[in-house]
Amino acid sequence: VTAAPAGAPGPSVADAEVDSLLAVVQQQADGIGRVDLARTIDAERRRRTLGDPALIVFAGEPNQGKSRLINSLLDRPDLLPVDGDVSTGVHVVMQDGAPEALRVFIESSETPVPAQPDEIASYVSVRDNPANVKGVRRVELDVRSDLLARGIRLVDTPGVGGLDAAHGRFTLAALSEADALVFVADAGGPISQPELEFLAKASDRIDSILLVLTKIDNHPGWRDVLEENRVLLRAQAARLADAQFIPVSAKLAAAAQGAPQGPMRDRMRLESRLGDLESWLVDGVAVGRREARTRNALRLGCSAADTLLAVYDDTIAAMSSPAGLASQLSQRQAELDRLKRAADGWRSRLSDDLSSVERRAVSQLGTGASAVTRRVEQRIARQWNAAIREGLAHELELELTALELDIQQSLAGSFRDTMRAAGARLEISEVELPPVQFDSVGALAAQLEYQSTVIGDDAGRAFRTVLTTGTALLTGGPMAIVRVLIALTTIGLDWGGARRTRDQTEARSFVSSAVGAWQSEANLLLLETVRGGRNLIEELLGAAVEQRIATKTQEIDELTRLSSSQQQQDQRRQQIEGFRTELREVRPKLDALLARPAAAAAATSAAAAPAAPGA
Amino acid sequence: MSSPDLPAAARPVAAPVAGPDALCVELVRIIDAFIPVVDAPAAGSGGGGSPNGGSPNGGSPNGGSPNGGSPNGVAAQLRQHRIRLLEPLRVALSGAVSAGKSTLLNALVGRDIAPTGAAETTQLVTWYRGGDVEYAQMRLVDGTTRQVHLTESGQFPDSLDVPAAQIESLHVVLPSAPLLRSMTLVDTPGLFSLRDENSERTRRALSPGGSGYPDVDALLFLLNGQQSEVQILDAFSQDASLVQAQAANVVGVLSKVDQVGDERPPLDLGRDRAARLAAEPQLRLKIAEIVPVIGLVAQTARSAQLRYRDIEVLRLLAGDELVEFLLMSADYLTESESQAGGAGRTRLLELLGLQGLREALRLVRAGCDDVDELNAGLLGWSGFEGLESAIWRTFGPRADAIKALSAIAALQRLSYQLPDHVGSSLRTALEGFLVAPSAHALRELWALQQIVNGGVTVPDWVSTALIQIVNGSGGHARLGLAPDADDAELYRVAVEQAQRAHRFATRPLVSQGSAAVGEVLRTSYANIAAQHGGAQHGAAERAVDSTTAGAP
């Protein structure tokens, strides 16, 4: 059929030039200690040499019709779950493959859990996997598809800008490996500020961006919206001013798939305009995916070069006057001191905070438990009959469950507040930390594994408590979840024991021993939970602080070295001026390469790729 | 913000004393007692502010001279508060660009007056009030006003003869809309607009910096489940100018549920989404209730725009063998060569949308041949009634308390601009007002406000219970009981809850703020218990006698 193998590596003049230019930027970034920049450029250079299928990410706000669009593209209306009330909560990578298979990657595990393709909704949809309680990190789906066979992988992503902030982060993470972005917005209204901000962020790294206007079947005014969008983009996002904007109707495409052969079907197929989208995916990205990767790398090279040039200008300006250097140094030193002072105290401060959280929880537990005992005992004392005896266990269970939920909720809130406060003292905003979710898990208990134990001696065999594995667990991957105090649920009180009580005295002693046993068990679990929460918070904040201190120290070392000796300073200045001169030459070349007409670029790619299947 | 310069006939009439607005009327008495005191020292200081209430400068003071500082300015502000307290509740329609605010407004007033369309149509803040005479005017940035002549069909003209940049706001009085007798509606340009001047206008209308008085009392917030919407609600809750008990004064509207998918009836789907959104932790405390509505169809049905010729077109369409194909896409309906209905189909599509058109076809096929019947059927299908009752439920019983609470906050701020002894006696008067037993509704709102703006952290059951108390009307709703529960049951539950709230308020290690919230809650339950046969039961006294004011 068509050229699947076009992405294979191979040398060419332009190719070598691109790589050498990028290498210059990378080396310079390394040379002045911007390891972060160097690392991303390196990754892009590597990716350029790969011939694997193009990774095309579909992103946009929730409920714009991303999943539906992908289903239509793959001729599979039921592949991804679609319903106005269901949205995608984790990203799904689709690639060509037979037999069809679903692989689910849970938390930090590298070994996927095999699953049936038709079970996909239970992992990816927000309705069946709310707040991603199943800890799904990513889902891979092998699908038999002619489109995918042409060198394409499609990624469906959770909507950005939705209520669950984790969704947006998932999507941005997916973008960091993407070769191209299909931005999906529906025809219900013009593009909004948050959508444009997302596009701006994405276009820093991704050169190939296609804009798609969905649901044109349902909006008679879609042409106006499309025009308005174009005007807005021209005015506010120069980089995207000339990006293609394709209006599509996934619904017409799906209808065409179901229709009998004939002119009607052809017409629906044509007017769905999915063909335009397909040809962009194939001819615009997949065929020239090497070119797309090159352009992404160039795009990154440009922005990295601009960053470096700004740094050079600042440094040289500072070095030109001794006072400039000195003031920069003292400023950095003050920043570091402040950071260290904060860093010295924060662990003990956190410990203090958390031990008061613990104290509060333990006392809440204590007062709560004795209040439960008192209430139930009073009721027994007031009246005693068979019905009350029968209802005793149930009543206790209700009381204790209510207490548990209260404690769980206040504990989850305290954890959240403590972490926020500790972060604020360190001037670390929540954005800089990996997403953490503090859950009270009462409602989700059914999804966790249970381990039943029986506690208490025979006479006081009051009830069984239920333990779960892991009270506070840090799951790796893009999402950390702390599960607060899930262990207490008193699933089975010893109903028999309650029924065997003969009179009020026995019943009262049953109650107090049952609550007592529950309380001591709960106490242990509470302590364990707090400890787990503390470890997690410490780990997250600690890493962020260390990173900060390391960067600052490095800057200071550098400045100190410079100010200590005129000779070194001169050397350094020479080096940076050299860098700057070199980079000023490189920068326009990068631009020129980016500005190459697509046809020429494709030609180089084609020349560069003598038919060799993807590595 | 002052009341606009409307013809006297169009001014709303003050509510009778001891009516449902008792709190506001009481506050007006306090203000009346202070106006002469404040006026006195200003007598010699010129300016000649005639005490006619409203606009002492002849023109509108809004945005122009804030009058801060001088006692005379304070007196003018006091008069403005006085007027506001006797006016209907001000409810703004707010939401993102193209969320359907104007469409919803038209549906609410039952008339196709605000311009609507796919792109950004509303670029000016527009006030809709009730009154006796239909009247429209624009207020210009320079403080002057000009009359606006509506088109023959009662719409705003396509272009006003003044550049938009010079217009501060539009004001309309509509005698025909019953809703406007109870509240003033404010249509606003979309938020998150890429046309910056529009978002700017909205921000100005919703939070007039420094005016010291909220421009609106409550919100109809059109939402879609976006993070940015939560940010807006957060911003409102930090803005001193809107009463912050959002769980009581914000109704969320999912207004385009027909545009998400068509696997299920749109209202069903909308209800599921609304329920899911309402349970979101980020929205739970910020919105009283979320209701789905199909705005476009509600607008069309409410403003009775369908004609017999539309039914003819629907009949033709129903008989067209290609109908299923045509209904696949808006473009097919409007462009197809098939002759059934011709231009009439485009009109129907504009009035009803694709799914609404399908529903209209279904009604016609089922034998509907009367315009009123068709309108009624479509109105029912649109979910408008659910929205209307949510608005009454949420804003109706509490309009008095919401207005009073925002006035108290503003008056407290204002008191610091007065001479010390006058200011402190105003504050004393306000505090006395707040702790009076009759002001318990205010304290409930106050407690909710503490939770919403994060000043007090309480367990979920407390916030849930408080929201129920504040939002419910009648003992059953306030306790969350089924309407058929009898007095004994009501009494039992109320006492139980009062005890639970008491335990919460008095437990060790509880913070002062949450103890106060617990006390308010306990008093509310004790009052319910007392109303439902508490007198016969000894326990009622126990529950009630420890009642102390939980006021700030």
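## Salt bridges in a predicted model

Asp19(A) is partly exposed, with 26% of relative accessible area. Over all chains, the count of salt bridges comes to 44. Let's look at a few of them.

**Asp19(A) and Arg45(A)**
- These two side chains meet in a salt bridge, at 3.2 Å from N to O.
- Asp19(A) sits in helix α1 (residues 13-31) of chain A and Arg45(A) in helix α2 (residues 35-48) of chain A, so their pairing ties together parts that are 26 residues apart in sequence.

**Arg111(B) and Glu134(B)**
- Over in chain B, the side chains of Arg111(B) and Glu134(B) also form a salt bridge, with 2.9 Å from N to O.
- Arg111(B) belongs to the loop between α3 (101-109) and β2 (126-129) of chain B, while Glu134(B) is in the loop between β2 and β3 (135-140), so the pair ties together parts 23 residues apart in sequence.
- Arg111(B) is buried, at 16% relative accessible area, whereas Glu134(B) is partly exposed, at 39%.

**Asp310(B) and Arg347(B)**
- Here the closest N and O atoms of the salt bridge are 2.8 Å apart.
- The pair links distant parts of the chain, 37 residues apart: Asp310(B) is in helix α11 (residues 308-319) of chain B and Arg347(B) in helix α14 (residues 343-365) of chain B.
- Asp310(B) counts as buried because its relative accessibility is 1%, but Arg347(B), at 23%, counts as partly exposed.

**A network in chain A**
- Salt bridges with shared partners join Asp52(A), Arg153(A), Asp179(A) and Arg293(A) into one network.

Key
Residues are numbered from 1 along each chain as its sequence is written. Chains are lettered from A and ligands numbered from 1 in the order in which they are written. This is a predicted model: local features need pLDDT of at least 70, side-chain atom pairs count only at pLDDT 80 or more; totals for chains, interfaces and linings use all residues. Side-chain values use heavy atoms; hydrogens and water are left out. A salt bridge is a side-chain nitrogen of Lys or Arg within 4 Å of a carboxyl oxygen of Asp or Glu. Helices (H or I, at least four residues) and strands (E, at least two) are DSSP runs, numbered from the N terminus. Buried means under 20% relative accessible area, exposed over 50%, partly exposed in between (1.4 Å probe, protein chains only).
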